[in-house]
Amino acid sequence: DEDLAILAGGDEDALAPAEARMLPVLAVVGRPNVGKSTLVNRILGRREAVVEDTPGVTRDRVFYEAEWAGRDFLLVDTGGWEDRVQGIAYRVAEQAEIAVELADAVMFVVDATVGVTATDEQLLKVLRRSKRPIVLVANKVDDARAELEAAALWNLGLGEPHVVSALHGRGSGDLLDAVMEVLPEEGRGMAPDAGPRRVALVGRPNVGKSSLLNKLAGENRVVVDDTAGTTRDPVDERIDLGGREWTFVDTAGIRRRILQTQGADFYASLRTRSALERAEVAVVLLEASETISTQDLKIIDMVLESGRALVLAFNKWDLIDEERRRQLEWEIEKDLAHVAWAPRVNLSAKTGRHTDKLVPALETALESWDARIPTARLNAFLGTLVAAHPHPLRGGKQPRILFATQARTRPPRFVVFATGFLEHGYRRFIERRLREDFAFTGSPIEIGVRIRE
Ligand code: GDP
Ligand code: GDP
């Protein structure tokens with residue numbers, strides 16, 4: 001009953017640069033009012049997650065950086081996801097499904113003073129299906145009487161209930177010790193602010209990659225960052241551009257003259273792939289003076305597969321005349337329609353024309369790549385869209401769209417919950433309208449659909 005078709009961009013495991021620190025993600029899941037946010041505050045050691053006394057107050061999903069016993073991880077508070085879809089049954093199952101989509105392990109919080117409710121059981125069913133490690137938390141155990149009640153939670157079959165009082169701090173250390181045992185070392189969350197943004201400069205041989213790199217480096221401060229390069233091939237360079245530092249990855253591969261031997265193409269494409277893997281944004285360099293080639297398109301496809309942000313740079317602008325310019329416009333319309341969302345820069349590595357336009361383009365693309373649309377805004381958008389353009393009726397059936405959330409960034413990935421299969425064309429339509437409303441200039445976006453009977 002799951003259909004996670006990806007419309008644009010890459011596969012799930014290729015989303016993050018290999019060099020970025022990938023932190024494990026721990027989701028805190030439970031029905032409203034069991035004390036999730038209080039527990040999150042307790043773990044963070046500061047009052048940051050909003051605590052509300054009213055169940056179901058809309059708060060958006062929030063990631064926090066947390067640390068325990070010298071290990072960093074990301075904490076996701078699912079509190080406040082509750083009130084978006086009709087019916088408590090949908091809400092809790094949904095919350096769990098999204099949490100599972102995001103997390104490497106789940107902390108399942110139950111109010112020990114209330115005991116296990118039908119909603120708790122429903123939540124648990126979803127969590128179990130996911131096969132993520134689950135740590136059971138019996139919260140609100142403020143006193144001995146509550147402790148007795150907590151013992152009943154053994155019945156859930158999740159092993160020992162970890163007894164805590166989030167409000168008073170009791171038991172949270174032992175709980176975190178238990179969590180650390182099931183949390184993997186590396187996870188699916190990218191550490192925020194992991195140094196300068198990483199750029200891959202890619203393109204077929206002779207488009208001017210090394211010339212552009214020299215131009216950028218020549219006019220700016222360069223630090224050859226060979227901490228990684230002393231023993232292996234790729235060497236990165238840090239270049240100050242537009243008032244901030246950027247890491248250009250695998251510049252050794254650009255600077256070194258590639259041997260024109262058999263198989264050079266293969267190694268060039270391998271090199272491109274590995275550069276993309278280590279980067280956040282790709283500048284695909286094309287030659288304005290020459291027809292867009294299948295090799296250019298192949299390189300763009302590699303970027304799309306990698307899920308990285310994309311900037312298109314047309315080099316050797318100094319060589320082209322008015323006629324070629326018109327011809328190029330036509331080629332772009334014909335061959336690059338599928339990446340019409342990528343910013344374009346027309347430059348000359350030789351003369352330096354417009355090389356200063358590269359930085360704003362990179363910044364725009366990365367901003368889109370990082371963007372997170374608040375759930376409320378996303379659903380307001382989707383509500384209006386679906387009301388005006390419902391899914392076409394097929395065989396007397398019409399799938400309804402229930403709810404959507406942005407499950408990830410880098411690149412943005414959306415999950416739409418629907419009552420039935422959504423046609424390819426309709427998903428495309430949603431993607432197009434998402435771009436019209438929220439732009440995402442320079443970033444691929446992905447849309448997955450989850451079917452809920
Ligand atoms: P959430 O909806 O699951 O995020 O729950 P909250 O963290 O907003 O907590 C709901 C209510 O339970 C608040 O009034 C909290 O003060 C209270 N609460 C949370 N943890 C404890 C606890 O350990 N003991 C007691 N007595 N109350 C708690
Ligand atoms: P790479 O193989 O992609 O690294 O390409 P190079 O930087 O080695 O450039 C290939 C050739 O194109 C060299 O002869 C460069 O001088 C020339 N070239 C690079 N950029 C430009 C440009 O903007 N204008 C002109 N006219 N020639 C350029």
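1. Ligand 2 is surrounded by 16 residues, the closest being Gly208, Lys209, Ser210, Ser211 and Lys350; a residue counts as near a molecule if its C-beta atom, placed from the backbone, lies within 6 Å of it. Helix H6 (residues 209-218) supplies the largest share of this shell, 3 residues. By class, the shell around ligand 2 holds 7 polar, 5 nonpolar and 4 charged residues (Ala, Val, Leu, Ile, Met, Phe, Trp, Tyr, Cys and Pro count as nonpolar, Asp, Glu, Lys and Arg as charged, the others, Gly among them, as polar).

2. This is a predicted model, in which local features need pLDDT of at least 70 and side-chain atom pairs count only at pLDDT 80 or more, while totals for chains, interfaces and linings use all residues. Residues are numbered from 1 along each chain as its sequence is written, chains are lettered from A, and ligands are numbered from 1 in the order in which they are written.

3. Confidence: the chain averages a pLDDT of 82, with 79% of the residues at 70 or above (pLDDT is the predictor's confidence in each residue, from 0 to 100). Residues 1-19 have a pLDDT below 50, and beyond near neighbours in sequence this stretch has 49 contacts in the model (a contact is two C-beta atoms, placed from the backbone, within 7 Å). Over residues 258-262 pLDDT also stays under 50, and the model has 4 contacts for them beyond four places in sequence. Where pLDDT is low, the predicted coordinates should not be read in detail. The model scores are ipTM 0.61 and pTM 0.64.

4. Overall fold: the chain has 13 helices and 19 strands, taken as DSSP runs numbered from the N terminus (helices H or I, at least four residues; strands E, at least two). Of its 453 residues, 43% are buried (20 or more other C-beta atoms within 10 Å of the residue's own, C-beta atoms being placed from the backbone). Among contacts between residues at least 6 apart in sequence, 72% join residues at least 24 apart.

5. Helix H11 (residues 358-370) buries Leu358, Ala361, Leu362, Ala365, Leu366, Ser368 and Trp369. These residues lie on the same side of H11 because they cover an arc of only 160 degrees around the axis, the arc being that of the directions from the helix axis to the C-beta atoms. Their cover includes strands S10 (197-202), S14 (281-287), S15 (309-315) and S16 (344-346).

6. Helix H10 (residues 322-335) is hardly covered, with 1 buried residue among its 14.

How values were computed:
A residue is buried if 20 or more other C-beta atoms lie within 10 Å of its own, exposed if 12 or fewer, and partly exposed in between; C-beta atoms are placed from the backbone.
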